[in-house]
Amino acid sequence: MKSLKTYNMEHTTIKILNSKSNKSQYVNFAVQRMHSQEIHFDITNVSTKQLYAVILARMTPDDPLRALIVQRIESL
């Protein structure tokens, strides 16, 4: 069953959708895929390098552990 809905979108998203022949199908697929990834997220599938990068992004430049994490990322 389908329903007509109206949502606000960024102009860049609208430009992407304008290039698609079946916009509804494209949006539906994208939302379903994102939702599935949210439900099935497993931290063990995230690489060590990605985890370090996220931690590094949250650190202040003067954090004493920052240099150690940078060194560790570079060694991976």
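Mentor: What follows covers confidence, fold, surface and one patch of this predicted model.

Trainee: How high is the mean pLDDT of the chain?

Mentor: The mean is 91, and 100% of the residues reach 70 or more.

Trainee: And which element has the lowest mean pLDDT?

Mentor: That is helix H4, residues 66–75, with a mean of 90. H1 has the highest, at 95.

Trainee: OK, the fold. How many helices and strands are there?

Mentor: There are 4 helices and 0 strands. Read from the N terminus, the order is α-α-α-α.

Trainee: Is the chain a compact globule or more spread out?

Mentor: More spread out, because its radius of gyration is 20 Å, well over the 11 Å that the globule rule gives for 76 residues. The C-alpha trace spans about 55 × 30 × 20 Å along its principal axes.

Trainee: What share of the residues is buried, then?

Mentor: Of the 76 residues, 7% count as buried.

Trainee: And the accessible surface, how much of that belongs to carbon and sulfur atoms?

Mentor: Carbon and sulfur atoms account for 57% of a total of about 7300 Å².

Trainee: Switching topic. Which residues make the nonpolar surface patch of about 310 Å²?

Mentor: Tyr7, Met9 and Ile14 make that patch.

Trainee: Where is Tyr7 found?

Mentor: Tyr7 lies in the segment before helix H1, which covers 11–18.

Trainee: Buried or exposed, that Tyr7?

Mentor: Tyr7 counts as exposed because its relative accessible area is 61%, and the cut-off for exposed is over 50%.

Conventions: Residues are numbered from 1 along each chain as its sequence is written. This is a predicted model: local features need pLDDT of at least 70, side-chain atom pairs count only at pLDDT 80 or more; totals for chains, interfaces and linings use all residues. Side-chain values use heavy atoms; hydrogens and water are left out. Patches are made of residues with over 30% relative accessible area and no salt bridge: like charges are joined within 9 Å, nonpolar side chains (Val, Leu, Ile, Met, Phe, Trp, Tyr) within 5 Å. Accessible areas come from the Shrake-Rupley method with a 1.4 Å probe; for residues, only the protein chains shown count as cover. A salt bridge is a side-chain nitrogen of Lys or Arg within 4 Å of a carboxyl oxygen of Asp or Glu. Helices (H or I, at least four residues) and strands (E, at least two) are DSSP runs, numbered from the N terminus. Buried means under 20% relative accessible area, exposed over 50%, partly exposed in between (1.4 Å probe, protein chains only). pLDDT is the predictor's confidence in each residue, from 0 to 100. The radius of gyration is taken over C-alpha atoms; the globule rule is 2.2 Å times the number of residues to the power 0.38.
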